Amino acid sequence: MRSHVYADHAATTPLCDAAWNAMAPFFREEFGNPSSLHSWAKRPREAVCGARETIARCIGAQPDEIFFTSGGTESDNWAIKTFGSRCVVTTNFEHHAVLNSCLAVERMGGTVHRVSVRRNGMVWPGEVAAATKRECSGLVSVMLANNELGTLQDIKEIVSRVDRSAWIVHTDAVQVVGHVAVDVTQLGVDLLSASAHKFNGPKGIGFLYISKRIQDHPDFRPFLNGGQQERGMRSGTENVASIVGMAAALKWNCDHLNENIERLDGLKAQLVEDIKSVCPTVRFPVDWQEGQLPGFISISFLGHPAEGLLHLLDLKGIAVSAGAACDTKNTQVSHVLQAIHLPSKYANCTLRITLGVENTQQDVESIISALSVLLRRT
Ligand code: PLP
């Protein structure tokens with residue numbers, strides 16, 4: 001059995017070979033600044049341009065709708081603070097990058113309406129549409145998949161129910177891009193946030209899709225002031241190696257999407273069945289396995305506090321998560337589990353196991369064998 005099993009891919013993913021190989025030249029020999037006028041700029045400039053085209057193709061966008069950022073947090077901040085400064089309609093189970101951006105909007109005098117999520121981890125499109133009717137215009141921000149439950153939301157339906165002449169629609173797709181097919185035209189959103197380290201790319205790089213439809217909106221202002229990078233909207237010398245690595249990682253995932261989904265669904269089904277036989281009292285907070293991200297399992301082991309179980313699994317070389325990784329200092333029940341009204345006796349015992357493309361059947365067996373020992377002991 002392998003002694004090290006990483007099963008926390010919703011927190012971050014390992015860099016894939018395609019990304020590493022694409023990035024390498026831009027750390028040393030191709031170090032030029034893409035904005036320079038001399039020939040050292042040529043390859044980096046072409047690489048940034050090519051990466052933008054690749055990313056756009058992967059999500060059904062135009063290259064001039066892709067704006068590079070430092071990751072999901074920045075993309076969410078940009079979308080909300082720029083287009084939602086007067087009014088935001090969002091949900092109560094968003095990532096803190098969205099929740100705290102909304103608090104910033106309120107501190108600046110804007111209004112925020114938070115729609116409650118259902119017990120099954122789904123947002124009801126009708127409730128989002130109803131909340132927009134209470135205001136004249138603004139931004140709707142609903143995540144495409146939740147980072148603790150993995151539940152995929154019906155954003156297309158939300159988009160179709162909102163008055164698009166008055167409302168701009170943003171989705172935080174950080175957990176989804178590279179894992180499930182994402183087409184911005186089919187979804188109909190105006191803004192979409194993504195982060196490379198969630199799809200086998202490097203950390204500290206992401207993008208915000210901004211549709212042409214809203215690029216002449218009066219609220220579309222520079223997020224970072226400075227030079228002319230990102231068409232003057234997000235200034236700063238481009239992180240060339242990371243941009244190139246992000247594009248290579250996304251292409252690699254999109255090229256293997258169906259086979260990855262099939263493999264991860266198979267591993268997840270096996271893990272779920274085996275866990276049920278080892279621990280018949282387990283409960284799944286969202287209680288259904290369809291409409292969830294591939295390889296994503298949220299599971300409550302009644303009577304086994306999650307944090308203790310996490311550390312015991314870690315001692316056995318198995319990495320999983322209890323609540324969101326960004327929340328490790330916060331020992332309270334996560335806002336997501338509270339949002340779905342999961343009783344605290346289950347919420348305190350909820351682990352997130354997220355499998356990734358490099359996991360194997362042997363990894364699943366290692367997780368099961370460790371759990372069967374620990375659940376008997378704790
Ligand atoms: N949004 C969601 C749904 C996430 O899961 C995360 C990270 O966990 C973020 C935003 C923040 O992304 P980043 O780590 O790139 O800042």
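Contact here means heavy atoms within 4.5 Å. By that rule, residues 24 or more positions apart account for 73% of the contacts in the chain with a separation of 6 or more.

This is a predicted model, in which local features need pLDDT of at least 70, side-chain atom pairs count only at pLDDT 80 or more, and totals for chains, interfaces and linings use all residues. Residues are numbered from 1 along each chain as its sequence is written, and side-chain values use heavy atoms, with hydrogens and water left out.

**Whole chain.** Select the chain. Its C-alpha atoms fill a box of roughly 65 × 55 × 35 Å along the principal axes. Of the 378 residues, 57% count as buried, meaning under 20% relative accessible area (1.4 Å probe, protein chains only).

**Cartoon view.** Switch to cartoon to see 13 helices and 11 strands. These are DSSP runs, numbered from the N terminus: helices are H or I with at least four residues, strands are E with at least two.

**Ligand.** Select the ligand next. Of the 14 residues around the ligand (one heavy atom within 4 Å), Thr73, Asp172, Gln175, Ser195 and Lys198 come nearest. Helix H3, residues 72-83, gives the most to this shell, with three residues.

**Polar atoms.** Now show side chains for the polar contacts (pairs of N or O atoms within 3.5 Å).

- Asp172: a polar side-chain atom lies 2.6 Å from a ligand nitrogen.
- Gln175: a side-chain N or O atom is 2.8 Å from a ligand oxygen.
- His197: a side-chain N or O atom is 3.0 Å from a ligand oxygen.

Technical notes: Polar contact = N/O pair within 3.5 Å; in protein donor to acceptor, adjacent residues only side chain to side chain. Buried < 20%, exposed > 50% of the residue type's maximum accessible area, 1.4 Å probe, protein only.
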